[in-house]
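Visitor: I have a structure open and would like to talk it through. Could you go over it with me, piece by piece?

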Amino acid sequence: MTFNMKKAGLTLAMTGALSSVAYVANAEEEVQKGGTAIIHMISEQRILNPGLRASTGVYNITGKIMEPLIDKSYEGYEPVLATEWSGSEDGKAITVKLREGVNWHDGEPFTCDDVAFSAIELWKGLLNYSSALQANLESVDCPDPHTAVFNYSKPMPLELFVAAMPDLGHPVPKHLYEGTDILKNEYNTAPVGTGPFKFVEYQRGQYVLAEKNDDYWREGYPYLDRIVWRFIKDKSAAAAALEAGEVHESGFIGVSMADVDRFSKDDRFDVGTQGYENNVAHSTVEFNHRNPILADVKVRQAMYHGLDIDYAIQTVMHGFAKPGRGPVPSAGGINYTDEVPTYAYDTELAKTMLDEAGYPVQDDGYRFHLRHRPAPWGEYTQLWAEYFSQAMKEIDIDVEILTNDAPGFLNGVYRDHDFDTANGWHQFRSDPAVSTMVWLRSGQPEGTPWTNQFGWKSDEMDQLIDTAASELDVEKRAAMYHEIQTKAMEELPVIFAIEHPFISVTSKKLHNHHNTPRWNSSSWYDLWLEQ
Amino acid sequence: MTLHMPPILVYALRRLAQAIPVVILIMIGTFLLLKLAPGDTVDALVGDMGGADAAFIARLRAEYGLDQPIWVQLWRYMVKLASFDFGWSFVYEQPVSTVLMERLGTTLMLMAASLSIAFTAGIALGAIAARRAYSATDNLISVLGLVFYATPSFFLSLMLMLVFSVKLGWLPVGGIKTIAAFYTGWDHVWDVIRHLIMPTAALSLIYLAFYLRLMRASVMEVADLDYVRTARAKGAKEGRLMIHHIMRNALLPVITLLGLQFSTVLGGSIVVETIFTLPGLGQLAYQSVVQRDMNTLMGIIFLCAIIVVVVNFLTDLLYARLDSRIELA
């Protein structure tokens, strides 16, 4: 693909694109009960247990069947299976009051025993991302069946605990898991939860079916009779299914960007990024700092000046994104600041900086050559790589793109370090301590994907990250993350170039959709279908 | 003591003896080739999950036996395979045999429908074209054959979908049945047939073109042979001449091609099943490659190797039945 650099005058900010996609709910409309909502998923899920797999694909299905202690709404954190939470003064104990009168889908009551078992056996030991978060969890006490006390060996900020719960706080029924091999437990693919929908069947390669839970604790809900998640790998086929009315929603950019554009002009569909505020991701440029050229901060800064981020947003992301401002996205709440150094698109300045860094243009017309690995996480990561390569050519840097599939990319970048630059996207999960800090903190276990395997180390940054993770004062903690963000934008260990939520295409027959900041992961108890 | 076995049994045993080392070599070669590809199922798994910490990754790798040297993994696999134990799919969290059996039916249905249509329509059109060689009918059939042959199945699939599902709304976009419709009896059968119409068309047309071209050439060649001329001189009617003398002999190369193409159709089903979301072996093979689901992929290849061996054996039997000059033993 060739980008027309002359069109770089397109310096539109993306705010317009984002603000125009809010789905307006009509309060006058009468709710219709019943019906089957059919949801497109691009990839099949191996495990349907959010207590064992922290993954938006897993939540997309299981969020309706299994509920977290706390969820997130546009108004803030919302009680689900927990009703209240508080922290001790020393930060080493967090007390959670649990909802009473809730039953698992098999009729057994939900109690603190389920939470204690899940926290120790799954969240601390087996759940990705959570095992680091809960590393200092020592025990969970149950003074009564509806109170859980989480005991930590080091202070755990309540704010961090709460922020992590929507993704990393799904209890499993102890009576179905205790005494079994948890990883091979049959309920990992046939989940039993407390949610508004009950699991019915999982037909491999085809669909997952869930039906209404008549015993749901929210009275009068859910509205739908059934939800079907259909696995359609081919994006064109998914677009055809949407058009034919066989699918009502395709999330997480499940159709091609060209089709996103097309559907956005079709009155039958809502297209936009609303409902993904909690699933914001960064499209990155990652550097291998073992390469002495890229170890020079001036080179990295010059390369940032060579990128026309606004142009890339318009062409690659069709306007559904905005420029990144470091490791904390604008959805990061109090921990985010936009008062950080930025790098305006200026190829002449970039060239001058590269000359000053000691990399003039050589006889072959280039300053140096780079081998670039794009992540195969979707169409736009490939397009972003194409743009990066072309933009670098403008400042006389040759970038050769090495195409690879997912395992090839992960090994090439994170294990074998066989790259100079790479790009992919990384998802922010409510709190910097749970997600993006692993990109900057040195000493990550060797070869772990999506962590700092880039050969970059800063003692100052390491100390800041560690202190912020256990700081109990919310204001002080936020100030530390602002400092981290500023330092990351100065040093550029990674360029967090583009901040983008995901994009959904949703049939207008669905109502109350995308009404929470992690909608695809939430329970959909109030979703209804016009029939 | 000399055992007097029927020739067909001797032939079957001989073919079996030849097939065993072939299948073993295929399995070892495939295993090593797959190991040469960068990354393993754990890499694919954490790729899907959006990340995991090092301890989690190491634990999974140890649990799946992927921390062992490659020769140890190969030896373990082949020992299990000897007792038809295909192992455990770490992607589907089920025994591979269960995963394969769930998918086999769909692929066999798709292949049987596609090959039957391609074969019968191909030989019929080929014969008509040959008997009316260089006429307008022949030209029309030949051009159609070329168009079918030149159209990639993914393009044809999407075009069929666009016309018959999106624009006309006659046929479902994909899948093998209408989900949550809970059809039973003949309603269920009709529902499955409706879901198979477009995939069958997309898969069969290219093979129809193969058979058409080959049958046309073969009929034209046989029709000029002496025994046909003799039969005609003896007063045989054209219909009888065509069916008993020309077609019977003209079919021999087409039947050879049918056996050989069985494996190609299996390959073609990867694209068609993926686009139409048909839960068959083709779609499973594609996903297994992407997800580095080694055991499942090896199971598919084993199953395909066995199917191809059996189909070629059956083709040879049919060949012998049609051509009395050929002896099996």
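Visitor: What are the helix and strand percentages over residues 12-34 of chain B, and how many Å apart are the end C-alpha atoms?

Guide: That stretch of chain B is 100% helix and 0% strand, with its end C-alpha atoms 32 Å apart; helices (H or I, at least four residues) and strands (E, at least two) are DSSP runs, numbered from the N terminus. Please keep in mind that this is a predicted model, in which local features need pLDDT of at least 70 and side-chain atom pairs count only at pLDDT 80 or more, while totals for chains, interfaces and linings use all residues. Residues are numbered from 1 along each chain as its sequence is written, and chains are lettered from A and ligands numbered from 1 in the order in which they are written.

Visitor: Which residues of chain B does the UniProt annotation "transmembrane region" cover?

Guide: The unreviewed UniProt entry gives 12-34, 108-128, 140-164, 192-212, 250-276 and 296-319 of chain B; UniProt positions are in the numbering used here, feature names are shortened, and annotations may be inferred rather than shown by experiment. Residues 192-212 of chain B are likewise 100% helix and 0% strand, and their end C-alpha atoms are 28 Å apart. The record also places "domain: ABC transmembrane type-1" at residues 104-319 of chain B, a span that is 83% helix and 0% strand in the model.

Visitor: And how many helices and strands in chain B overall?

Guide: Chain B has 12 helices and 2 strands, and its elements run α-α-α-α-β-β-α-α-α-α-α-α-α-α from the N terminus on. Its C-alpha atoms fill a box of roughly 85 × 70 × 40 Å along the principal axes.

Visitor: What domains does the assignment give for chain B?

Guide: Chain B is assigned domain 1 (22-83) and domain 2 (108-322), where the bounds come from an automatic or database domain assignment. The centres of domain 1 and domain 2 of chain B, taken over C-alpha atoms, are separated by 36 Å, and 13 residues of domain 1 of chain B are in contact with 10 residues of domain 2 of chain B. Two residues are in contact here if their C-beta atoms, placed from the backbone, lie within 7 Å.

Visitor: Which element gives the most to the domain 1 side?

Guide: On the side of domain 1 of chain B that touches domain 2 of chain B, α1(B) gives the most, with 6 residues. By class, that side of domain 1 of chain B has 8 nonpolar, 3 polar and 2 charged residues, where Ala, Val, Leu, Ile, Met, Phe, Trp, Tyr, Cys and Pro count as nonpolar, Asp, Glu, Lys and Arg as charged, and the others, Gly among them, as polar.

Visitor: At what angle do α1(B) and α4(B) pack?

Guide: The angle between α1(B) and α4(B) is about 145°, with the axes 11 Å apart; axes are lines fitted to C-alpha atoms, for helices over the stretch in contact, and angles run from 0 to 180 degrees between N-to-C directions. The contact is made by B:Met27, B:Ile28, B:Phe31 and B:Lys35 of α1(B) with B:Ile70, B:Leu74, B:Tyr77, B:Met78 and B:Leu81 of α4(B).

Visitor: Over to chain A: how do the axes of α9(A) and α11(A) cross?

Guide: The axes of α9 (residues 297-305) and α11 (residues 347-356) of chain A come within 8 Å and cross at roughly 165°. The two helices α9(A) and α11(A) are therefore roughly antiparallel to each other, a label for angles over 145 degrees, with under 35 roughly parallel, 65 to 115 roughly perpendicular and the rest oblique. The crossing of α9(A) and α11(A) is left-handed.

Visitor: How many residues are in contact between chains A and B?

Guide: In the model, 49 residues of chain A are in contact with 45 residues of chain B. The largest share of the side of chain A that touches chain B, 6 residues, comes from α13(A), and that side of chain A divides into 19 nonpolar, 19 polar and 11 charged residues.

Visitor: Last topic, the backbone: where is the cis peptide bond?

Guide: A cis peptide bond joins A:Tyr221 and A:Pro222, with omega about -5°, and A:Pro222 is found in the loop between β9 and β10 of chain A.

Definitions and conventions. Left-handed = near helix turned anticlockwise from the far one by under 90°.
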